[in-house]
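Here is a short walk through the structure of one protein chain. It begins with the overall fold and ends with the contacts of a single side chain.

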Amino acid sequence: MNSYEQSKKARYIASVVYVSIMAFILGGTYISQQEKEKAKLESTPEASSATAEKQAD
């Protein structure tokens, strides 16, 4: 294997690792944002009373 092929393979591996890390970070950020919005909606008085009414039925 010449040096060009070796560097090509190294660049490919580096790009796959980079994309995997970025997907992990962005996915975690998205999930965290969804959980924060869910918690915010559940903490509002309107949502709490609506939830209590549903449970009473």
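A helix here is a DSSP run of H or I with at least four residues, and helices are numbered from the N terminus. The model is predicted. By this assignment the chain holds 2 helices and 0 strands. Helix H1 covers residues 3-43, and Val-16 is found in it.

The chain has 57 residues, of which 0% count as buried.

Part of the surface forms a nonpolar patch of about 1100 Å². The residues that make the patch are Tyr-12, Ile-13, Val-16, Val-17, Tyr-18, Val-19, Ile-21, Met-22, Phe-24, Ile-25 and Leu-26.

The last stop is the start of the chain. Asn-2 sits in the segment before H1. With a relative accessible area of 42%, Asn-2 is also partly exposed. Which backbone nitrogens lie 3.2 Å and 2.9 Å from a polar atom of the side chain of Asn-2? At 3.2 Å it is the backbone nitrogen of Tyr-4, and at 2.9 Å it is the backbone nitrogen of Glu-5. A pair of N or O atoms must lie within 3.5 Å to count as a polar contact.

Conventions:
Residues numbered from 1 in each chain as written. Predicted model: local features only at pLDDT ≥ 70, side-chain atom pairs only at ≥ 80, totals over all residues. Heavy atoms only, no water. Buried < 20%, exposed > 50% of the residue type's maximum accessible area, 1.4 Å probe, protein only. Patch = residues over 30% accessible without salt bridge, like charges linked within 9 Å, V, L, I, M, F, W, Y side chains within 5 Å. Areas by Shrake-Rupley, 256 points an atom, 1.4 Å probe, with all protein chains shown as cover. Salt bridge = Lys/Arg side-chain N within 4 Å of Asp/Glu carboxyl O. Polar contact = N/O pair within 3.5 Å; in protein donor to acceptor, adjacent residues only side chain to side chain.
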